[in-house]
Amino acid sequence: MAGIRITGMASGLPPNIVEQLMEAERIPVKQMETKKTEKDEKLKLVKDLESKVLDINKNLSDLTNVRGFADKKFTSSDTSVVDGQLDPNNAVPGEYSVEVVSLAEKPAAISNGFPDKNETQIGTGYIKFETPEGTKEVYITGKNSTLEGAANQINNADVGLKAQVLEDRKDKENPFKLLVSGMATGDDHQVTFPKIYLLDGDQDMYFDQSRASKNAKVKVDGFEIELPENKAKDLIPGVVLDLKSAAPGKTIHMTVKENLEAIGGKVKGFVDAYNAALGFIQKQHQLQGGEKGGNPKLGPLGGDGLLRTIESSLRSAILNPVQGVESPIRQINEMGITFNRNGMLELNQDKFNKVLNSNPVGVAAFFRGDGFKTGFANVIKQTVQSLTNGEYGGLANRKRGLESQIKQIDQRIDNKERQLEKKEDGLRQKFANLETKMSEMQAQQAKFAAMARQGG
């Protein structure tokens, strides 16, 4: 029926008479669509609020896990000489010092120079190395009898050595040299570089210089000790030192201490998460500018009882004294976390650090409790769970209610659209019939008029 067109030539009606009538009939649909948009917006806001409330628990979990109050940090007075990686579970707070006399080195040897790396033949034969695992031989044949070929052969021979071709521009006529080095530092990984047994080459090859492997030497409290590598695992408990450069005569001071910034950052994360949720609620209760110059009005969730319940529940959980914990601390304000005039939480970092320094066990006990029922974190966790529980939580109930309302509106819109489609078809048929009849009447009138003129 939508294909039926009304010309209006016979009836004199506007050609779009059906569209005009249907536009009026669609007003209820538009009203339902507007209502659905409002519900969609509310549902989105409820989900946003739920996410912010859940973030409160997430930040508290970071604080009360195994490492929540075990964060430590390592500092070095000169990280270009000594740096370190700390294991917070095993590191022992304290002050340490070390002097790096010399670094550990790998055994290495470098050949005489060649004019190129991949053309000049170095001959056929073998290169013999004495390693901690015994004598190792690498055979050089005509297929790989160049510096580059010899390097590849050594690397592929699995003899505990690596080779590479270097370009040394000190000798411009013969700049290319073969560098062979061991895989590990320390006296226990010594490699001897004997003569090279190669015949019939374009140019003789020999090791021009060699270097023995060496232990690192460091001074700890004035005593010199040797290390097989440039990493020290036992000088500071729980810290792997990375010796980066030698600095004889220079004492490097190092410290391991509680990372108050990290712990304070976790507490601030909880404060920020609470403030984000409360700020969202307060914004909904504030008057907001009306659209197109209209009067200001509350946010879409403004005045909603659910928001007042969430705010009240969280505030009570934070303010109430914590019972059943082995800590002299009972309320969070004793650690510098207080409500300001706007109802937001504020963290006094200096006061928190002072309390944490003086009684870290008490602070941890206050937050953790028994890990199940007692402790500040568990009180907040239970409160959040009661609000977000998927079966009975207020936020979940509100989401289900809005989703149900949206679904009902969709169904009503679908039903109304089907009714309108039938109505439009009927109107088009009626106006088409009217157009036909009017056209027939006009034809008859024209016929009678013609007959009258002939009779006259």
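First, the source. This is a predicted model, in which local features need pLDDT of at least 70 and side-chain atom pairs count only at pLDDT 80 or more, while totals for chains, interfaces and linings use all residues. Residues are numbered from 1 along each chain as its sequence is written, and side-chain values use heavy atoms, with hydrogens and water left out.

Let me start with the sheet. Helices (H or I, at least four residues) and strands (E, at least two) are DSSP runs, numbered from the N terminus. Two strands pair if DSSP finds at least two bridges between them. In the order β7-β8-β4-β10, four strands make up an open sheet with antiparallel pairing. At its edges lie β7, residues 161-167, and β10, residues 207-211, each of which pairs on one side only. From one strand to the next, the twist averages 20°. In general, strands of a sheet pair through backbone hydrogen bonds, either parallel or antiparallel. Strand β4, residues 108-111, is joined to β10 by four bridges, and the two run antiparallel. Ala108 has Arg211 as its bridge partner in β10.

Which helix packs on this sheet, touching β7 and β8? Helix α3, residues 147-156, does so, and its direction makes about 160° with that of β7; strand β8 spans 176-182. For such angles, axes are lines fitted to C-alpha atoms, for helices over the stretch in contact, and angles run from 0 to 180 degrees between N-to-C directions. The buried residues of α3 are Leu147, Gly149, Ala150, Ala151 and Ile154, where buried means under 20% relative accessible area, exposed over 50%, and partly exposed in between, with a 1.4 Å probe and protein chains only. These buried residues pack against β5 (124-131), β6 (134-140), β7 and β8, contact meaning heavy atoms within 4.5 Å.

Next, please follow the chain beyond α3. Asp158 is found in the loop between α3 and β7. Its phi is positive, about 55°, although Asp158 is not a glycine. Is Asp158 buried or exposed? Its relative accessibility is 71%, so Asp158 counts as exposed.

Strands β11 (216-220) and β12 (223-227) have Asp221 in the loop between them. The two strands form a hairpin with two residues between them, and Asp221 in the turn has a positive phi of about 50°. Because its relative accessibility is 62%, Asp221 counts as exposed. Five bridges link β11 to β12 in an antiparallel arrangement, and Ala216 has Leu227 as its bridge partner in β12. Strand β11 also pairs with β3, residues 94-102, in the antiparallel sense over three bridges. There, Val100 has Val218 as its bridge partner in β11.

I turn now to the helix pairs. Two packed helices are described by the angle between their axes and the distance between the axes. Helix α4, residues 260-285, packs with helix α5, residues 305-319, at an angle of about 150°, the axes being 10 Å apart. The two are therefore roughly antiparallel to each other; angles under 35 degrees count as roughly parallel, over 145 as roughly antiparallel, 65 to 115 as roughly perpendicular and the rest as oblique. Among the residues that meet in this contact are Phe270, Tyr274 and Leu278 in α4, and Leu307, Ile310 and Leu314 in α5.

Helices α7 (360-368) and α8 (376-388) pack at an angle of about 20°, with axes 4 Å apart. They are therefore roughly parallel to each other. In this contact, Phe366, Phe367 and Arg368 in α7 meet Phe376, Ala377 and Asn378 in α8.

Which residues does Val322 contact, leaving aside its neighbours within four places in sequence? They are Arg330, Phe366, Gly375 and Phe376. Phe366 and Phe376 also take part in the contact of α7 with α8. Finally, Val322 and Glu41 are 281 residues apart in sequence and 38 Å apart in space, C-alpha to C-alpha.

Thank you for your attention.
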